[in-house]
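The paragraphs below then lead through strands, helices, loops and ligand surroundings in turn.

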Amino acid sequence: MFQLEKCNLCGECLVQCQWMDVDLEQAVTWKKLMNAGEYVPGLDLCITCYACNEICPNNAKPFDLIAELQEKYCRFFPEDAIAATEKQYTFTGDLHGLPDTKRVMTTCVFGKDEAALIQGGLYDLPRVGGKPYFCWVLFSHMGVESIQRKHARDLVDRLAKTGAEEVVCFHDDCYAMLARIAPGYGIDVPFRPVHLVEYLVEYVKKNMDRIRPVHMDIAYQRPCASRHTPEKEHFIDELFELVGVRRVERAYDREKALCCAAVKMLLGIGDPAEAQERNIMDAKESGAQAMVYLCPMCRNNLSAAAQKNELPFIFIGDLVRMALGEISPA
Ligand code: SF4
Ligand code: SF4
């Protein structure tokens, strides 16, 4: 939730935005209007990358205000298209076959479509997934944050019904929802959300005798949802060190990460191809032999540019499976 009392109108959230060209004077003017609940053209330029929530030096959560104002003033989609998408993800039945376990993994809606990424002993823990466990973060990318808010409690309640004390989140968005967004809505989350990479670090440490360093220079593609929970970022570096890969220094990483840009296409606010090409070329020119991704959506949306420039993609879990000797780096 945006915290007006923390905003000192420094303008940094808009000046540093990678998706609009705004000088300090314009940024401060727009920010004053936004803080008063008014429309500014920047609302139509925002691609919902969440970066400004991380950029704000006062932790005022400026994106949360942008999301509220986008819903009020910008109509990226017709009402019936939003209603149809909401219906597509809404679960109304009873839950069956709940695991009785202290720790469960939620695969969100990726369990089937991304089954190839969830293979091997690494994922040998009880799982839930599919529509009942959809995290709804998609809707803040569609300019209708209220739908994300509306369904957040149901998601938390369904996961709580597993009785698990810890819920490992396969998808970064689910972790953002459970660790930051739902508590921000005042929802009590009665279990500990565990980020996938925290889980991977723990697994590798328990299996160090099986680990063979991968010896590769990689670029990391940091997804948009990671902006919500930067406190877990140290696990990424820890994991890379444990499996013996070097994260190359590049322009678009860490706080300066460039999101996959697919939302431009989704919202009809321009072609993402130029930004995607720039991102891949930044990785290549920084000496990366491959790009490691956390979010399958990043891979889907950057793969055309990556293929064109012959940069392989590796899922972060598969990096661990390479180090375990389960799959070949080749
Ligand atoms: S929201 Fe944060 S970054 Fe933006 S103007 Fe206010 S204090 Fe500055
Ligand atoms: S969410 Fe991203 S695109 Fe939107 S204003 Fe913030 S930094 Fe810019």
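In which sense do strand β1 and β2 pair, and over how many bridges? Strand β1, residues 103-106, pairs with β2 in the parallel sense over two bridges. Two strands are said to pair if DSSP finds at least two bridges between them. Helices (H or I, at least four residues) and strands (E, at least two) are DSSP runs, numbered from the N terminus. Within this pair, T106 stands opposite V128 in β2. In general, the strands of a sheet pair through backbone hydrogen bonds, either parallel or antiparallel.

Some conventions should be stated here. The model is a predicted one, in which local features need pLDDT of at least 70 and side-chain atom pairs count only at pLDDT 80 or more, while totals for chains, interfaces and linings use all residues. Residues are numbered from 1 along each chain as its sequence is written, chains are lettered from A and ligands numbered from 1 in the order in which they are written, and side-chain values use heavy atoms, with hydrogens and water left out.

The pair β1 and β2 belongs to an open sheet of four strands, arranged in the order β2-β1-β3-β4 with parallel pairing. Its edge strands are β2 (127-128) and β4 (192-195), each of which pairs on one side only.

C108 is placed in the loop between β1 and α7 (110-113). This residue has a positive phi of about 50° although it is not a glycine. C108 counts as buried because its relative accessibility is 1%; buried means under 20% relative accessible area, exposed over 50%, and partly exposed in between (1.4 Å probe, protein chains only). F134 lies in the loop between β2 and α8 (138-141) and is also buried, with a relative accessible area of 5%. The C-alpha atoms of F134 and L155 are separated by 7.2 Å, although these residues are 21 apart along the chain.

L155 is one of the buried residues of α9, and H151 is another. Helix α9 covers residues 145-160. At 1.5 Å a residue its 16 residues should span 22 Å, and the end C-alpha atoms are 23 Å apart, so the two values agree. The expected span of a helix is 1.5 Å times one less than its number of residues. Where is the kink in α9 centred? A kink of about 35° is centred on H151; the bend at a residue is the angle between axes fitted to the seven residues ending there and the seven starting there. H151 counts as buried because its relative accessibility is 8%. From H151 to A115 the C-alpha distance is 25 Å, and the two residues are 36 apart in sequence.

A kink of about 40° in α10 is centred on L178. This helix is mostly covered, with 10 of its 13 residues buried, including Y175, M177 and L178.

Strand β5 (residues 216-221) pairs with β7 in the parallel sense over four bridges, and Q221 stands opposite Y293. β7 is also joined by three bridges to strand β8 (residues 313-315), again running parallel, with V292 opposite I314. Together β7, helix α15 (residues 296-308) and β8 make a right-handed β-α-β unit. Right-handed here means that, with the strands pointing away from the viewer, the path from the first strand over the helix to the second runs clockwise.

The ligands remain. The residues around ligand 1, those with a heavy atom within 4 Å of it, include C7, C10, C13, K31 and C56. By class, this shell has eight nonpolar, three polar and one charged residues. Ala, Val, Leu, Ile, Met, Phe, Trp, Tyr, Cys and Pro count as nonpolar, Asp, Glu, Lys and Arg as charged, and the others, Gly among them, as polar.

Around ligand 2 are residues including C17, C46, T48, C49 and C52. The elements giving two or more residues to this shell are α4 (51-55) and α5 (62-73). The shell around ligand 2 divides into 11 nonpolar, one polar and no charged residues. T48 is found in the loop between α3 (42-45) and α4, and has a positive phi of about 60° although it is not a glycine. T48 counts as buried because its relative accessibility is 1%.
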